[in-house]
Every structure is written in structure tokens, then in C-alpha cells.
Amino acid sequence: MRRCGVLMPVSSLPSRFGIGGFSKEAYDFVDFLAASGQSLWQILPLGPTGYGDSPYQSFSTFAGSPYYISLDALIEEGLLTEEECSSVDCGNDTGKVDYEKIYHTRFQLLRRAFERAEPEKDPEYRTFVSENEQWLKDYALYMAVKDSLGGVSWIGWDEDIRLRKPEAMARYERELADDIMFYSYQQYLFSKQWTALKRYANDRGICIVGDIPIYVAFDSADTWADPELFQLDRENVPTAVAGCPPDAFSATGQLWGNPLYRWEYHEETQFAWWMRRLAHCFDIYDIVRIDHFRGFDEYWAVPYGDETAENGEWKKGPGYRLFEVMKRTLGNRPVIAEDLGFLTPGVLKLVKRTGYPGMKVLQFAFDAGGESDYLPHNYNNNCVVYTGTHDNDTVNGWIASMGRKDLAFARKYLNVRRNADIRESLIRTALASVADTAVIPMQDYLGLGGEARINLPSTLGGNWEWRMERGACSEALSSHMLELAQVYGRTVRAGKKKR
């Protein structure tokens, strides 16, 4: 089945309150996708973000970001007033997220809604808490304790609560009961609103492609609550952390700093934690893109305390055993394997054995010095082609930074004359390829430059900020996208009428 879709972070949607979320604009975007012949909306991880604002460094692998909760919906429910929401400073730049301002204002509004809602009297809330207790209890306590101690990571907490001693756990649960309920209530709102938006998308023929980072953040409820899952010492300090070796993105490698898994323990438990995590992802997404797929074959272990990733070494991962258990436990679920970068025979064998489609990124294809696997004539059907991802520049930004020989080769391959639009040709090349699935970042359809880049790997600050301007999803653009989807045989079915 040939299909196509758009890569667009939820945070990048326009909204009245500084960051994209589950408001009317999200529903309008779904309508736009359906009218444009798309059948996929790929997003970034939805978890609550911490220092650096990266969705790949979340306080919980199970929780959702409270920033995405629609304030408009809370106004409609009478939990907030229009005046309360409109008087808050969420930032004045409609093209960027100001995370500092969002952090300092959003929780104040959500707290008011929480105090007025009296969730303990709501049977739906109580059911949500009961059904999600396995992760929600630890997450809500973690965030409440973290707030009470000035926001520091759990490694800086007093030993009794850092090591989860029963007396300390009971004391904090008692003293912070209201704050714990506040964080549970945020997750209830997130779940309710996201479920409604996803249902709306599915009803209009749009499947949600979600993203699961292979690793969890060290500063997270996951690491604090289940230290036995990770390579930590007796004091729960990491012995090694995650990253990747020097590559085209970074001469010193990428030092992610995430705790590494104790894979032997996961195998002993039949990957029970992973099965819970993946089951949760398949509850909230239709298709799951597993980030850094090669880490399941081999992973780059960097000594804890190193300032770069250069001195790491490759260690063996669980390989196919995890996916064998997954298929037996959860069934044959739709997955995209993020298999970018230098691929060893072991990684290629693992991807092939799982049967999952890998990724092809056209921005990696045009190296005048050699034959690239990312050139479309080398594809098979079972892959997902992108012009670029959230870690790449926009196509226009990429073109502006290309070397002369690479640019000449790209023009020759795409049959583009000197003054013609490479961007349009690259989109058409992706859609025309034999790949079953084609996904184009929204910035490339909009023809935006490097100012609209989502993330520059191995850098801190200025990432994850881009927002689409209101009105960018025009009827003319929709008609053009629909025409392209039809020409290249990627329309699945028409969506339902708008609300």
C-alpha cells in the first residue's frame, strides 16, 4: 500500500498560548492533512521535557507533556477563564516557542484548573488513576518531590528518598499528597484530550506515527523508580552512559548522557518493562518509530564523566530476542526502524529479520564522491522515505549549505536546471520512489529555510522551538499536496467532512 504523510511536531502547531497543543488548531491540521490526500501524521515524542527542552529527554517515558493540554478546552469546561489565560505572558514570537515563559506560566494555570475541578470526585479521573497506577504513581511522586526540592535531579536528593526507602516514600506521599494529585490530574487531562484528537484523526483516515526514544533520561521517574533496569552502581550513579561515536553530525560524537540498560536483567524478566512501554506506545499511537534502532544490535557506551563521546566502545545489545518477545506478547504491530547512520552487517541483519521498514533520507543521498544507499534507485518497497527529519536542516537550508560538487550531482540526478526549484523536485522524487511510505516535513512543503530547522544535534539551546505561522496551511498548498499524492499513487482514501 503506497501512502504519504507529514512530519510535524505537536509543539510546532500554531496556538494562542505560546506552544502547539491539542487545541482547535490541531484539529484543523488534521482536516488539512485529510483534504491534502495524506494518511499519516508523524510527530515527535509527547513526554514532559526538562533541561534543554528535548522531547528525547523526558521526565517519564509513559507520561505526556502538560504543555500540550488545551487551555481553550479548559475555558470551555469552565475550569479557567478567558481573562486568566489571555493575560499570561506565553511569549510574543508566533514563530518560536519560549520554553522559559511557558514553564513559568503554564503550571499556574493548570493548578487553578485542578483546584476548581475537584478531580477526586470525578469517577473518570479515578478510573484513569487506577488503570495507570503502575507508572503514574511513581511519576506523580517523582515530580512532586522534585518540585519540593527546587527542581534538582533525583541524584541530588537526600539518600532516604533517593534510594526510595519505605519510611521516606510514605512521608513524602503524605506531605505532598495534593501536589501528587495535581500531577496525576495533568496526566488525566493529557490523556483525555490526546485520545479525543487521535480518534478524530483516525476517523478521517489519518494514522498517528509516534516516536519512542530508545533510551530514557537519567533525570526521570523511570530511572529513579526502577534503577535495576540500568547500568548503575550501588549508589545508583551511572557506570556508563549513552551516545554515538563521531560521525557527520559531530566530530566528537554525540554524548546523550542517558543511562544504559542492563540487558541481561531485561532478558531474565522476558523484557517485561519493555513490553509495558511498547504496549503503552501502541495505545497512544497507530505506528511506532523506534529511535536509534541500531542500539538494539550494538550500543555505544561512554564512560560516565567523559565530556565527549569519543572514548566510548561498542557493546552487544539484545538483538532480535526483544522483538521476538514483542511479537509474541503484543502481536505483529506496525513499527518503523530508525536505522540511520553507519550500518553494520549486524544491524542490517536485525532490521531484515524483524521485517520492519527502515528509513531513507534524501539529504544523505547526494554525495558526489560515491554511490549512496539513500539514492532512490537503490530502494526496495519496504522502507519510509523522507526529504529530511527533525535532525536535519530544511531542504532549502540544506541546499544553501551544500558543497559545489554535491549540489551539481543533486541537480544532475534530479534533472534540475540551475535556476529551478530543487526542493520541489526532491519532494516529487520522494513521492515517486518505490518506497511504500513517504513522509515530508511540513517546513519543506512550506518552502522554509534554515530558520525553521527543528534540531541541530549535539547542541544545546535554540532547538525544538520552531512554530508554523497561522494561515500557513492554505487551500492552495492543500490542493498542491493532494495533486502530488494522486499523481504518485499515494492517496489511501478521502477523509470525512470537517467538524
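Biologist: What should the 13 residues of H12 span, and how far apart are its end C-alpha atoms?
Modeller: This is a predicted model. At 1.5 Å a residue, H12 should span 18 Å, and its end C-alpha atoms lie 19 Å apart, which agrees.

Biologist: Which residues in H12 are buried?
Modeller: Trp273, Trp274, Met275, Arg277, Leu278, His280, Cys281, Phe282 and Ile284.

Biologist: Trp274, then. How are the rings of Trp263 and Trp274 arranged?
Modeller: Their centres are 6.0 Å apart and their planes are at 20 degrees, under the 30 degrees cut-off, so the pair is stacked.

Biologist: Which helices do Trp263 and Trp274 lie in?
Modeller: Trp263 is in H11 (residues 263–268) and Trp274 in H12 (residues 272–284), so the pair ties together parts that are 11 residues apart in sequence.

Biologist: Is Trp263 buried or exposed?
Modeller: Trp263 is buried, at a relative accessible area of 6%. Trp274 is buried too.

Biologist: And how do the rings of Trp263 and Phe271 sit?
Modeller: With centres 6.4 Å apart and planes at 55 degrees, that pair is tilted. Phe271 has 3% relative accessibility and counts as buried.

Biologist: Which residues form the aromatic cluster?
Modeller: Trp263, Phe271 and Trp274 belong to one cluster, along with Tyr215, Phe230, Trp256, Tyr261, Trp273, Phe293, Phe296, Phe323 and Tyr356.

Biologist: How many aromatic pairs in the whole structure?
Modeller: The search finds 46.

Biologist: What lies over the face of Trp224?
Modeller: Arg164, at 4.4 Å from the ring centre. Likewise, Arg111 lies over the face of Phe182, at 4.7 Å from the ring centre.

Biologist: Switching to helix packing. How do the axes of H1 and H9 cross?
Modeller: The axes of H1 (residues 24–35) and H9 (residues 177–203) come within 10 Å and cross at roughly 20 degrees. Angles under 35 degrees count as roughly parallel, so H1 and H9 are roughly parallel to each other.

Biologist: Is that crossing of H1 and H9 left-handed or right-handed?
Modeller: Right-handed.

Biologist: Backbone next. What is phi of Asn236?
Modeller: Near 65 degrees, a positive value in a residue other than glycine. Most residues other than glycine have a negative phi.

Biologist: Where does Asn236 lie?
Modeller: In the loop between helix H10 (221–225) and strand E4 (240–244). Asn236 is buried, with a relative accessible area of 11%.

Biologist: What about phi of Asn415?
Modeller: Phi of Asn415 is also positive, near 55 degrees. Asn415 is found in the loop between helix H16 (404–414) and helix H17 (422–432).

Biologist: Is Asn415 buried or exposed?
Modeller: Asn415 is exposed, with a relative accessible area of 70%.

How values were computed: Residues numbered from 1 in each chain as written. Predicted model: local features only at pLDDT ≥ 70, side-chain atom pairs only at ≥ 80, totals over all residues. Heavy atoms only, no water. Phe/Tyr/Trp six-rings, centres within 6.5 Å; stacked < 30°, edge-to-face > 60°. Buried < 20%, exposed > 50% of the residue type's maximum accessible area, 1.4 Å probe, protein only. Helix = DSSP H or I, 4+ residues; strand = E, 2+ residues; numbered from the N terminus. Lys NZ or Arg CZ within 6 Å of the ring centre and 35° of its normal. Expected span 1.5 Å × (residues − 1). Axes fitted to C-alpha atoms, helices over the stretch in contact; angles between N-to-C directions. Parallel < 35°, antiparallel > 145°, perpendicular 65-115°, else oblique. Left-handed = near helix turned anticlockwise from the far one by under 90°.
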